[in-house]
Each structure stands twice: as structure tokens, then as C-alpha cells.
Amino acid sequence: AATAPGKKITARLKRTLPVRGPQAPTLSELMRWYCLNTNTHGCRRIVVSRGRLRRLLWILLTLSAVGLILWQCAELLMNYYSASVSVTVQFQKLPFPAVTICNINPYKYSAMKEYLSELDKETKKALETFYGFSEGKSKVRRSVDDWNSTGSDFFQQIPLLKVEDFSRTATDLHSGQKRKIEGSVFHKDSSIVNSGDSNDIIGFQLCDTNNSSDCALYTFSSGVNAIQEWYKLHYMNIMAQIPLETKEKLSYSADDLLLTCFFDGLSCDKRHFTRFHHPLHGNCYTFNSGENGTILSTSTGGSEYGLQVVLYIDEADYNPFLVTSTGAKIIVHDQNEYPFIEDIGTEIETAAATSIGMHFTRSRKLSKPYSDCTETGDDIPVENLYNKSYSLQICLHSCFQKAMVHSCGCAQYAQPLPAGAEYCNYKKNPNWMYCYYRLHEKFVKEQLGCQQICKDACSFKEWALTTSIAQWPSTVSEDWMLRVLSWDKGQKLNKKLNKTDLANLMVFYKDLNERFISENPANTLVILLSNFGGQLGLWMSCSVVCVIEIVEVFFIDSLSIVMRRQWQKAKKWWSNRKRGSSGKAPQASDVERQGHDNPVCIDEDLPTFTTALRLPLPQDSPLPRTPPPNYSTLRLETAFTEQLPDTLELGQH
């Protein structure tokens with residue numbers, strides 16, 4: 001069947017006429033079409049403006065507007081992830097926090113002497129050698145097990161050293177022999193205050209048992225600090241070998257520590273306190289721990305309606321080498337938090353009344369993407385060893401303990417014991433001291449990665465403390481008060497109380513104003529989109545439809561044109577390759593389909609008169625000429641069937 005003339009003309013037009021809009025064959029034609037048809041006035045002015053200067057100005061103005069839009073939108077995105085802080089103050093009945101109290105001296109020295117006899121003996125010998133300090137010879141009880149033999153050998157391996165000079169020569173205070181210092185030298189004091197005499201510097205040297213040449217000397221500018229650090233090092237090693245049940249018996253009981261107790265104007269006793277054993281502070285007692293499911297609250301502020309306790313410190317039974325201050329340590333915390341006495345504890349002075357006023361604050365931060373905090377700690381790859389709610393301190397201590405077990409093969413005594421691990425001691429881990437100091441050095445320098453892994457908690461409670469101290473008991477009331485307190489202790493005390501053995505503590509709310517600090521998003525999604533629309537309308541007179549148009553033209557259509565051009569080049573290359581291999585000449589149809597012959601064009605409309613005139617003429621046909629007029633068409637014909645008589649004569653003339 002013959003092809004209809006209309007279809008032939010349509011096909012001819014598609015191959016010949018340029019294609020506009022998204023089906024343009026080149027990017028330049030697409031951009032020209034976009035500028036002529038877009039709603040953004042700046043792009044249209046670039047094309048229709050006459051003169052290079054005017055066109056250049058419109059290009060600069062349009063590019064400046066685009067730059068301002070990008071800058072303002074970036075600012076909006078940055079502000080979208082910012083948060084505003086709001087503070088809310090409420091006056092209401094407040095839950096009373098948990099108050100943990102510990103004696104600064106962890107264990108009764110009289111009960112610990114049998115375990116520390118050899119260590120005390122070496123310490124006194126070092127004091128005598130270094131400072132000329134001596135005591136009368138006293139009988140020293142031997143330990144119940146083999147602490148002495150093992151400790152004595154280890155004291156010889158890690159003795160105190162007196163640094164003669166900085167030429168890496170030191171004197172062993174145990175044997176009096178000189179030894180050469182190998183390895184690195186670390187000054188443990190934050191700032192060395194030295195008069196210039198090198199004889200004032202003492203310390204101790206730790207070496208790797210597997211490599212004797214790998215050593216580190218730890219020096220101190222103060223002999224007190226050096227002896228205490230050396231003593232604590234051996235002390236922790238000894239305590240790690242004593243069972244927990246035994247250590248609880250060696251420490252203070254609730255009856256030993258607490259003399260009187262009042263809360264909210266009512267009497268309380270040891271039943272309101274919960275004991276837990278701290279590795280460094282012995283038996284500690286927590287008031288209002290909430291373990292029985294009940295949390296006390298208070299509805300009145302002031303010192304008379306808080307917690308009031310009188311503590312018995314028993315200064316005479318203190319370990320003279322382990323602690324150098326007298327009193328107690330307390331910490332105010334939430335019932336679900338672990339009390340880090342050694343980090344943030346507040347010391348209570350003896351022979352004084354210490355009043356601690358509290359202000360309660362609850363804080364909540366926004367999590368990602370507003371801040372890098374964690375809600376529950378479940379997303380932190382560190383096991384919580386404390387069985388309490390997550391906090392940054394718990395994460396850091398747990399991370400270090402895990403690294404200690406992994407690197408040294410045992411756990412550090414001052415922190416909870418991981419599952420399947422055991423505390424370090426001389427017998428099973430002779431290299432643990434050197435390993436611990438090296439690992440702690442990396443931890444302080446943030447080389448273990450714990451500070452990078454651990455995050456702040458998003459929600460936390462805080463009690464801001466205000467401490468005031470007054471002399472207690474007064475001079476006029478000292479005599480009768482001590483007598484009454486001694487009588488209250490009854491048969492538990494075989495000596496008269498001294499005011500330096502007592503500490504009066506008061507913990508209370510200064511007011512019942514609960515402060516709630518929260519973060520709220522500074523911008524919502526609706527506000528962000530509105531700001532985007534305002535910027536686009538201000539600088540480019542553009543809307544959301546305009547943005548969709550930009551995405552369509554500059555991404556979809558441009559990519560389509562590039563891919564189509566590449567496809568045409570590939571087809572042409574393949575056709576040329578096939579013709580080269582077969583030796584055939586290129587066909588006319590192949591030439592005709594180049595250029596604007598776009599297979600995407602599926603417009604079946606018949607050509608108009610205007611488009612037909614734009615068709616190219618055949619090469620061998622003469623130019624068309626205007627045909628002569630058909631004069632018969634000039635004859636006037638009436639539109640009426642009958643003509644009036646008066647017009648007939650005019651028509652004849």
C-alpha cells in the first residue's frame with residue numbers, strides 16, 4: 001500500500017526541521033530553549049537582550065543571584081541543625097537524692113596490719129634511709145598467709161630509688177646499691193618544684209619482665225608523693241588477693257560509722273542506709289538508695305528538713321601511709337547512677353559542721369543530628385561494667401578496664417571486674433604494674449580511643465552543691481555533747497570520744513525550685529521550606545515549579561541528550577565498521593537520518609502551511625516562480641439572486 005502523502009511530509013519535516021525543548025539534539029539548543037521558556041526572568045534576559053554589554057550584565061546579575069541563593073540556603077541548612085535552649089523552673093515536691101558516705105580511711109588499720117606488715121616495714125625503712133626518720137623497734141605480726149614472702153621479693157624488684165643526678169644513676173633505698181637507669185623518665189607530678197638539688201627527686205622504676213631493657217622511671221618532686229604512690233601500688237596488689245567477704249569485715253560497719261541520723265525532722269537509723277563495697281574506699285553507705293522500691297522526698301526546703309548525720313571517723317585507726325587527711329567523703333547522686341567517690345566526692349572535715357545546700361536541675365539534650373550524645377548508651381560499643389544507668393564516666397572506666405584485661409591479661413583493682421577476668425596481683429601477673437602504667441599513659445593522652453568512643457548522655461540529673469563549714473561542737477557545748485555521744489555508743493566504744501573523731505553533716509534543698517533545661521530544634525521542616533521559598537522568590541523570582549523545571553532540564557534532559565549523542569556516535573561507529581568490513585558504500589538513508597532525525601519525535605500532526613514552506617527544495621529542480629494571476633477571478637459576482645434595476649446600468653457601464 002502506498003504511503004499517505006501526509007505521513008511522507010511529516011517524516012520529511014522531522015528529519016529537516018530543528019527540534020525544540022527537551023528533545024533538542026544539543027545542549028546549547030536546550031539551554032536556549034530553557035532561557036526562552038523559563039519563569040526566571042534573569043535567564044530569559046540573557047538570551048533576548050541586545051548588545052554584548054547588556055547581555056554580560058545580565059549574566060553577572062543572574063550568577064550573583066544564584067550564588068546568593070546557594071549561600072543563604074547553606075546558612076538555612078546549618079541553622080536547621082541548631083537547637084535553642086529553654087529553661088523551665090517549677091516549684092514542687094522534690095525527690096531526695098541518694099547520698100553516699102565513705103570514710104576516707106577504707107579499712108581499719110588495726111585489722112589490716114597482718115596483711116600490710118611487710119609493706120609497712122619497707123616503707124619505714126625507706127623513710128629512715130631517705131629522711132633519717134626512725135621509730136622504736138616494734139613487734140610486727142606476720143601475715144596469715146604467704147603475703148610476706150611474695151611481697152618481700154617484689155619489694156626488692158621494685159624498690160624506691162633516689163635519683164643522684166640526671167646522668168641516669170640512682171640509689172636503691174632497699175639495698176643502698178647504685179643502679180643505672182634505663183628507658184624513659186616520667187615526672188608524675190603536674191609541675192616539678194625543685195630547688196635545683198637533684199637529691200630531692202625520688203621515684204621507682206618499672207621494667208617489662210619479658211624485656212629487661214624496656215624500663216620506665218617514674219620520678220616525683222616531693223618525697224611524700226613518691227612514697228604514697230609507691231605504697232598505693234603495692235597496697236592495691238595486696239588487696240587484690242584478699243577475698244571480698246574478708247575485706248568487708250576489715251572495713252567499717254554502719255554502727256561504726258553512724259552515730260545519729262535525722263531526715264525531714266524524723267529520726268532514722270542504719271536501716272535507711274545500703275552498704276556497697278568500694279575497692280578504694282572500703283564499705284560505703286548510701287542513704288535513700290531506692291533498692292527497696294521507695295524513694296524519699298521532701299516538701300520543705302532548709303537545713304532542718306534534710307539529712308542530718310553525725311559520723312564517727314576514728315582517726316586513731318587510720319593507715320598512716322595510705323591517707324594523709326582525716327574525715328569522710330560524700331557524693332550526691334541519682335538512685336540509678338554509680339557514685340564515683342574517687343572522682344567527684346566532696347570531703348567532710350572533722351570537728352566541724354558541714355552544711356551542703358542543693359539546687360536540683362534536670363537537663364536534656366537533643367540527640368543526632370543536633371549533638372553527639374547517646375540516649376541509653378546501647379549504641380556505644382563498650383560494655384557497662386557498673387550495672388547502672390549510662391554515663392560518660394562509666395563508659396571511660398569500662399573502656400579502660402577492657403583495654404587493661406586485653407593488654408595486661410588482668411583487671412585493675414580500682415574498677416569493677418569484667419566477666420571471666422581476675423584482678424592483677426604479683427603471683428599470677430608479675431608484669432601488671434609496668435603494663436598498667438604504660439596503658440594509663442596512653443589513656444591520658446587519648447591514644448586508646450576511649451575518649452573518641454564514649455559520648456555524653458542526652459539526659460542527666462545534677463545537684464549543684466553549696467558547702468559551708470562551721471566549728472562543731474562549740475567550746476561551751478563540747479564537754480556535754482561528747483559525753484552524750486559516748487553514752488549513745490554504749491559498749492561499742494571503750495574510750496572517750498574526741499571531737500577530731502566526729503563530723504557533723506547536713507544535706508538539704510535550699511529551695512524546691514526544679515530547673516529543667518532542654519534543647520528544642522531552632523527550625524522545623526515547614527520553616528526550612530518556607531525560608532527556601534523566600535530566598536528563591538527574592539533573588540530569582542522562582543517557585544517550587546521552577547525548581548522542578550531546573551531539575552528536569554539541567555539533570556534529566558541534559559543527561560538524556562548526552563546519552564543520546566553518545567548512542568548515536570556508537571551506532572555510527574558500528575555502522576562504519578560493518579560497512580568497512582563488507583565494502584559497501586554508505587546509503588542515502590543513513591545520511592538522511594543524521595542531524596535532526598530524532599526517533600523520540602512521535603508527533604503525528606500534519607504539517608502546516610508555514611512549516612511546508614520551510615522544506616528544502618530538490619537540488620536539481622528549478623526555483624519556483626509566481627504563477628500569473630487568473631483574471632477570471634477578478635470578475636465580480638453578486639451575492640444576490642436578483643439585481644435592482646438602478647444598478648443594472650452601472651454594471652453595464
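The chat below goes through some features of a predicted model.

Q: What kind of model is it, and what pLDDT do local features need?
A: The model is predicted; local features need pLDDT of at least 70, side-chain atom pairs count only at pLDDT 80 or more, and totals for chains, interfaces and linings use all residues. Residues are numbered from 1 along each chain as its sequence is written, and side-chain values use heavy atoms, with hydrogens and water left out.

Q: How many helices and strands in the protein chain?
A: The chain has 19 helices and 23 strands. Helices (H or I, at least four residues) and strands (E, at least two) are DSSP runs, numbered from the N terminus.

Q: And what share of the residues is buried?
A: Of the 653 residues in the protein chain, 39% are buried. Buried means under 20% relative accessible area, exposed over 50%, and partly exposed in between, with a 1.4 Å probe and protein chains only.

Q: What about contacts between residues 24 or more positions apart?
A: They account for 74% of the contacts in the protein chain with a separation of 6 or more. Contact means heavy atoms within 4.5 Å.

Q: Helices next. At what angle do α5 and α7 pack?
A: Helix α5 (residues 109–131) packs against helix α7 (residues 223–239) at about 160°, and their axes are 11 Å apart. That makes α5 roughly antiparallel to α7. Axes are lines fitted to C-alpha atoms, for helices over the stretch in contact, and angles run from 0 to 180 degrees between N-to-C directions. Angles under 35 degrees count as roughly parallel, over 145 as roughly antiparallel, 65 to 115 as roughly perpendicular and the rest as oblique.

Q: Which residues of α5 and α7 meet?
A: From α5, the set includes Met112, Tyr115, Leu116 and Leu119; from α7, Trp230, Tyr231 and His234 are among them. By class, this contact has 13 nonpolar, three polar and two charged residues. Here Ala, Val, Leu, Ile, Met, Phe, Trp, Tyr, Cys and Pro count as nonpolar, Asp, Glu, Lys and Arg as charged, and the others, Gly among them, as polar.

Q: What does Ile158 touch?
A: Leaving out residues up to four places away in sequence, Ile158 touches Phe204, Gln205, Leu206, Trp230, His234 and Met433. Ile158 and His234 are 76 residues apart along the chain, with their C-alpha atoms separated by 9.5 Å. Ile158 lies in the loop between α6 (147–157) and β4 (160–165), and at 7% relative accessibility it counts as buried.

Q: What is phi for Asn288 and Ala351?
A: Asn288 has phi near 60°, and Ala351 near 55°. Most residues other than glycine have a negative phi. Asn288 is in the loop between β13 (282–287) and β14 (297–298), and Ala351 is in the loop between β17 (346–348) and β18.
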